[in-house]
Amino acid sequence: MSRRVDAVVVGAGPNGLVAANVLLDAGWSVLVLEAQQTVGGAVRSDRELHPDFVHDTFSAFYPLAHASRAITSLRLEDHGLAWEHAPAVLGNPFGDGQWALLHRDRDRTAAGLEAQHPGDGEAWLDLCRTWDRIGDSLVDGLTSPFPPVRAGARLLPALARSGGLDTVRRLATPVASVGRELFGGPGGALLLAGNAGHADFPLSSPGSGVFGVLMTMLAQTVGFPVPRGGAQSLTDALVTRLRSRGGEVVTGQEVTRVVVRGGRAVGVQTRDGESYDAGAVLADVIASRLFGGLVPAEHLPARLVRGMRDFELDPGTVKVDWALSGPIPWTGRPDAVPGTVHVADSVEEMTETLAQVSSGVVPDRPFLLTGQMTTSDPSRSPAGTESFWAYTHVPQPGMTRRDAGEEVTGRWDHDDLERFADRMQARIEARAPGFGDLVAARRVMGPHELEARNANLVGGAINGGTSQLHQELVFRPVPAMRGRAATGLPGLFLASSSAHPGGGVHGAAGANAARAAIWAHRTRRLRGRA
Ligand SMILES: Cc1cc2nc3c(=O)[nH]c(=O)nc-3n(C[C@H](O)[C@H](O)[C@H](O)COP(=O)(O)OP(=O)(O)OC[C@H]3O[C@@H](n4cnc5c(N)ncnc54)[C@H](O)[C@@H]3O)c2cc1C
């Protein structure tokens with residue numbers, strides 16, 4: 001006989017774990033089933049590369065977790081989570097010894113930009129003041145289910161007070177243009193564009209501006225914090241809280257089917273043949289594997305199935321981890337060293353690189369997002385060493401037309417990965433001569449390795465589907481869902497980053513799914529069907 005719980009959550013990523021916590025707080029019995037042997041989804045750490053070094057296997061910096069009520073309301077600090085900050089938040093070296101640097105102190109950031117171009121300091125502070133007026137309600141609006149009535153009601157007057165339509169226009173402007181409009185020197189524009197590059201927007205597209213401003217201003221207001229001890233500590237705090245409320249997490253349990261009976265999701269089956277009955281199923285699963293995969297298309301609304309034919313993944317990813325025997329010898333290494341370092345020569349170069357990726361070309365000058373983790377949190381490796389990573393985007397497997405560097409086939413096999421990792425490393429070496437001499441060990445993960453470690457990272461897509469405007473907000477993941485967690489199959493809720501508001505560790509998709517399940521249960525009870 002199969003076991004019955006109020007809710008089964010499929011997948012123990014941050015969204016699944018937040019969903020489970022919200023349901024437990026509402027008094028539900030909850031079972032979380034995770035396919036991997038380790039909980040956390042893309043929020044995990046390991047010591048595989050070197051026993052003395054902690055590496056975050058996937059994500060590393062958590063400004064969104066700090067800003068999102070879905071996570072802050074869980075008070076994870078009471079469950080063992082502690083945060084650390086690097087001396088400076090973020091930097092982009094120009095190569096000539098100068099840097100664009102973002103400090104948690106906005107006056108210090110502004111002073112650096114002012115020194116590079118008169119007027120840029122005041123432009124930075126002006127952007128910060130606008131953010132002070134609209135930031136909280138904008139973040140709330142973006143993380144609420146659609147329509148975001150309450151947050152919208154707060155946001156509209158805030159926008160009116162902070163420039164009205166001029167501010168709305170600026171947020172709708174592509175990030176490359178925002179940078180040009182606001183700043184005369186290269187620093188401010190590079191900081192904005194680099195932060196937009198954390199998602200997969202072409203820098204000349206609408207949507208890139210609001211995302212670039214959002215990430216940059218979060219960097220300025222909450223920093224880019226990291227969990228002490230590694231990303232796994234954030235996951236562990238979510239699991240500790242969940243267990244303290246009676247929730248259960250079982251690893252090594254891949255769900256292969258959502259059971260549908262009488263037009264309703266009523267449970268799940270696992271690869272091991274276990275069955276679980278549930279009042280609701282919350283899927284922390286990428287939309288393309290859930291709809292038509294775990295749930296056969298005949299059980300889903302026709303409009304959703306049609307919409308999924310146009311569902312677009314975000315690009316693939318190559319991530320390299322290094323164990324370094326010393327601090328990185330950056331040219332012009334700043335006194336306050338940033339935790340996050342973007343490697344790009346200019347906004348124009350970034351624009352070209354991201355356009356290459358979206359047109360199936362492997363970039364010859366990849367834009368690198370890198371993390372100096374021991375600089376951010378001294379517990380990650382022995383004193384005087386650095387636990388370091390860099391990742392960059394590449395075309396999805398099977399989508400490569402050519403390599404702009406003429407060495408990579410696009411198969412992303414071992415040889416491709418090593419050649420491409422050398423190309424990434426050469427970009428760092430150019431900014432930090434002597435880098436290669438410090439490498440004690442290196443691990444390269446490409447699209448296939450990432451997906452093998454987390455089935456949601458299909459072809460190395462890290463955001464559960466493209467973040468571009470045509471698949472965001474009310475269009476996410478498909479227009480049939482209208483930016484909500486309810487899937488149209490009663491009892492089934494989409495809780496992953498494929499749901500609005502998309503990728504990033506903010507837990508909002510999980511919290512929205514949990515609330516939708518609670519709401520649906522109440523409505524059903526009122527109708528006498530539960
Ligand atoms: C390399 C990389 C770097 C990133 N950097 C950052 C960063 O610095 N900051 C940030 O905020 N975000 C970052 N992100 C994005 C962020 O990690 C993700 O958006 C976030 O983890 C999504 O959470 P999720 O719970 O929706 O899914 P995931 O974290 O992907 O978790 C999904 C879980 O579900 C499990 N699962 C899937 N299918 C099944 C099934 N059928 N049965 C059972 N279990 C299943 C998977 O094994 C996985 O554990 C990064 C992502 C990657 C890959």
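These legends describe close-up views of a predicted model. Local features need pLDDT of at least 70, side-chain atom pairs count only at pLDDT 80 or more, and totals for chains, interfaces and linings use all residues. Residues are numbered from 1 along each chain as its sequence is written, and side-chain values use heavy atoms, with hydrogens and water left out.

View 1. Helices (H or I, at least four residues) and strands (E, at least two) are DSSP runs, numbered from the N terminus.

View 2. A polar contact here is a pair of N or O atoms within 3.5 Å. The side chain of Asn15 has an N or O atom 2.8 Å from a ligand oxygen. Ala60 uses a backbone N or O atom, 3.2 Å from an oxygen atom of the ligand. Val505 also has a polar backbone atom at 2.9 Å from a ligand oxygen. On its own, the ligand has 1000 Å² of accessible area, and the protein covers 95% of that. Accessible areas come from the Shrake-Rupley method with a 1.4 Å probe.

**View 3. Helices α1 and α11.** How far apart are the axes of α1 and α11? They lie 9 Å apart, and α1 packs against helix α11 (residues 232–244) at about 25°. Axes are lines fitted to C-alpha atoms, for helices over the stretch in contact, and angles run from 0 to 180 degrees between N-to-C directions. The two helices are therefore roughly parallel, a term for angles under 35 degrees. Their crossing is left-handed: the near helix is turned anticlockwise from the far one by less than a right angle.

**View 4. Helices α8 and α9.** Helix α8 (residues 175–182) packs against helix α9 (residues 186–196) at about 165°, with axes 8 Å apart. α8 and α9 are therefore roughly antiparallel, the term for angles over 145 degrees.

**View 5. Backbone features in loops.** Most peptide bonds are trans. The bond from Arg476 to Pro477 is cis, with omega near -15°. Pro477 sits in the loop between α17 (447–453) and β20 (492–494). Glu406 is not a glycine, yet has a positive phi of about 65°.

Note on methods
Polar contact = N/O pair within 3.5 Å; in protein donor to acceptor, adjacent residues only side chain to side chain. Parallel < 35°, antiparallel > 145°, perpendicular 65-115°, else oblique.
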